[in-house]
Amino acid sequence: MSEQIPEKQSTEQLREKWMKPEVISGSEILLRSLLLEGVECVFGYPGGAVLYIYDAMYGFDDFKHVLTRHEQGAIHAADGYARASGKVGVCIATSGPGATNLVTGIATAYMDSVPMVVITGNVATTLIGTDAFQEADITGITMPITKHSYLVRDVEDLPRIIHEAFHIASTGRKGPVLIDIPKDVSAAKTLFQPGESINLRGYNPRTVPNKLQLDKLVAAIEQAERPFILAGGGVIYSGAHEALHEFVTKTEIPITTTLLGLGAFPSGHELWTGMPGMHGTYGSNHAIQQCDLLINIGARFDDRVTGKLNGFAPLAKIVHIDIDPAEIGKNVPTDIPIVGDVKTTLEMINSDVKRTDKADAWRAQVKQWKLEQPFRYKDSEEVLKPQWVIEMLNETTKGEAIVTTDVGQHQMWAAQYYKFNKPRSWITSGGLGTMGFGLPSAIGAQMAEPERLVISINGDGGIQMCSQELAICAINNIPVKIVIINNQVLGMVRQWQELIYDTRYSHIDLAGSPDFVKLAEAYGVKGLRASNKEEARKVWQEALDTPGPVVVEFIVEKYENVYPMVAQGSTIDQMLMGDESV
């Protein structure tokens, strides 16, 4: 007689099982509540204060947990998961050093408006404030870098708090929410009643903009002779990429997308001018400086975009559309402020906007800038140029991969030379600039999008801050392609020391770094290396043909610089173009 295969339970059946009212521990309440919030995967690292929580995971097959090799790896993986999927990322760590190891990742998510729920354990409520073993005031430590935080003192509050945390993290301007659970709370038992209604006094983000402000924008577009759009990460976070495309199609206004906005608008579109700012395109920066109407859609006027503030967009009337009213007028004075969700705002205005002939000469000028001053570099047949490597990655993947990066020169080259055509394909630490982000965020992205190719582009510096997470790739057969752009130096620091500090190179030499191929193999991951174009094409194709994770090290020119570059204190049209402009 053949063995009967258990029937797979439907989502409705599972939810009914998880919602069953029964007396259970705080730890079981936590796991059930996470499942009811739609959480598919949690990244974490156990320790004493969360042992009840991890004990509740034992035998709980509905709950998926990925054990990382460092708490920072866990939170960056949860961050990458959130950015790739649009869902709330979740991670768990113990008290004290476990919790403090999350701080950089929390700040990374906060700066880039990434929805996350961060769960930490703490010592028992009776020990809080006594300097107990592995006690740290993590809610106090992270207060400036969380959207909200909770210290749970009563197990009966736990379902409500978890439900509220997910609501806060995923609405308005998204961001990380911390839930600190003392050990005795995770052990205590109560009747489980899932959190349902949300009633947060003082928290009601405005999503629908003021119609009068939209009318002002329509009028401004009709009157403008040199309009320009600056689109940021808010377009992606609100799911507004289709509405943005319609807006640009109807108005035919040229558009630039910020570092975090890459993918919000197709890079192949004739009206797209590239990225603006410190390492942006000539066309984007000059368009900002010479436009008479600058429409900021979901960007926050970061200093790497604006350059010298009192010389930014000097001729323009400024429109700023943002979900967060605190961002409007914070850095750049705004003439037409519009508070609301980007998608809602664009959908409301798209029926009223149209193309105007007044801007025809302007469109031609912007197009000319784009054609005459593209990104360029001096190629070589003797050594690998990092820009060429990124171009090869783009060509072989047709721009369809999810690309994560670490931070430094390779990050800027990836932003410049990889051409993104869809949202949630570019994952990078923009605001905080966190080294060590690239590999773990790629793991999270691959968990979120198992059918897509995920490439993690790293420098030889940043990869060493998180290389232990290669173990996760090997154990779970996560097929991330891990690229290391190895120039044997802290490249961006070296570039600044060369150009601004008169070549006084101080503590940037990464000689003595490990053999990355052997390091990969030590973790059970295939390792490949290339130092010329022929080898590069060969090993990269081998990586693409390999079903599991692969590390590919490209030995590149040591003294290559990222151009264009705007030095600090300069306006964004005062660009160092480098020898590449010759």
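H4 passes H6 in a right-handed crossing. This is a predicted model. Helix H4 covers residues 71-85 and helix H6 covers residues 103-111. Their axes lie 8 Å apart and meet at an angle of about 20 degrees. H4 and H6 are therefore roughly parallel to each other. On the H4 side, the meeting residues are Gln72, Ile75, His76, Asp79 and Arg83. On the H6 side, they are Thr104, Gly105, Ile106, Thr108 and Ala109. This contact holds three nonpolar, five polar and two charged residues.

H10 spans residues 211-223, and H15 spans residues 342-349. Their axes come within 11 Å and cross at roughly 60 degrees. That angle makes H10 oblique to H15. The crossing of H10 with H15 is right-handed. H10 brings Lys211, Leu214, Leu217 and Val218 to the contact. H15 brings Thr345, Met348 and Ile349. Five residues of this contact are nonpolar, one is polar and one is charged.

The table sets out the two pairs.

| Helix pair | Axis distance | Angle |
|---|---|---|
| H4 (71-85) and H6 (103-111) | 8 Å | about 20 degrees |
| H10 (211-223) and H15 (342-349) | within 11 Å | roughly 60 degrees |

**Buried helices**

How many of the nine residues of helix H13 are buried? Seven are, so H13 (residues 282-290) is largely enclosed by the rest of the structure. The buried residues are Gly283, Ser284, Asn285, His286, Ala287, Ile288 and Gln289.

Helix H19 runs over residues 438-448. H19 is mostly covered, with 10 of its 11 residues buried. Gly438, Leu439, Pro440, Ser441 and Ala442 are among them. Ile443, Gly444, Ala445, Gln446 and Ala448 are buried in H19 too.

Gly438 belongs to H19. Its relative accessible area is 0%, so Gly438 counts as buried. Leaving aside neighbours within four places in sequence, Gly438 is in contact with Thr404, Thr405, Asp406, Ser456 and Asn458. Val403 is 35 residues away from Gly438 in sequence. In space, the two are 9.2 Å apart, C-alpha to C-alpha.

Helix H21 spans residues 491-499. Gly491, Met492, Arg494, Gln495, Trp496 and Gln497 are buried there. Helix H18 (409-417) is part of what covers the buried residues of H21.

**A buried serine in a loop**

Ser467 sits in the loop between strand E16 (454-459) and helix H20 (470-476). Is Ser467 buried or exposed? Its relative accessibility is 13%, so Ser467 counts as buried. Setting aside neighbours within four places in sequence, Ser467 is in contact with Leu439, Leu519 and Tyr523. Leu439 is also one of the buried residues of H19.

**Backbone exceptions**

Most residues other than glycine have a negative phi, and most peptide bonds are trans. A few places here depart from that pattern.

Phe301 is not a glycine, yet its phi is positive, at about 50 degrees. Phe301 lies in the loop between E11 and helix H14 (303-306). With a relative accessible area of 3%, Phe301 is buried.

Gln488 also has a positive phi, near 60 degrees, in a residue other than glycine. Gln488 lies in the loop between strand E17 (481-486) and H21. Its relative accessible area is 28%, so Gln488 is partly exposed.

Which peptide bond is cis? The bond from Tyr563 to Pro564 is, with omega near 0 degrees. Pro564 is found in the segment after strand E19 (550-555).

**Confidence**

The mean pLDDT of the protein is 95. Of its residues, 98% reach 70 or more. Residues 1-6 stay under 50. For residues 1-6, the model has zero contacts beyond four places in sequence. Where pLDDT is low, the predicted coordinates should not be read in detail.

Notes:
Residues are numbered from 1 along each chain as its sequence is written. This is a predicted model: local features need pLDDT of at least 70, side-chain atom pairs count only at pLDDT 80 or more; totals for chains, interfaces and linings use all residues. Side-chain values use heavy atoms; hydrogens and water are left out. Axes are lines fitted to C-alpha atoms, for helices over the stretch in contact, and angles run from 0 to 180 degrees between N-to-C directions. Helices (H or I, at least four residues) and strands (E, at least two) are DSSP runs, numbered from the N terminus. Angles under 35 degrees count as roughly parallel, over 145 as roughly antiparallel, 65 to 115 as roughly perpendicular and the rest as oblique. A crossing is left-handed if the near helix is turned anticlockwise from the far one by less than a right angle, and right-handed if clockwise. Contact means heavy atoms within 4.5 Å. Ala, Val, Leu, Ile, Met, Phe, Trp, Tyr, Cys and Pro count as nonpolar, Asp, Glu, Lys and Arg as charged, and the others, Gly among them, as polar. Buried means under 20% relative accessible area, exposed over 50%, partly exposed in between (1.4 Å probe, protein chains only). pLDDT is the predictor's confidence in each residue, from 0 to 100.
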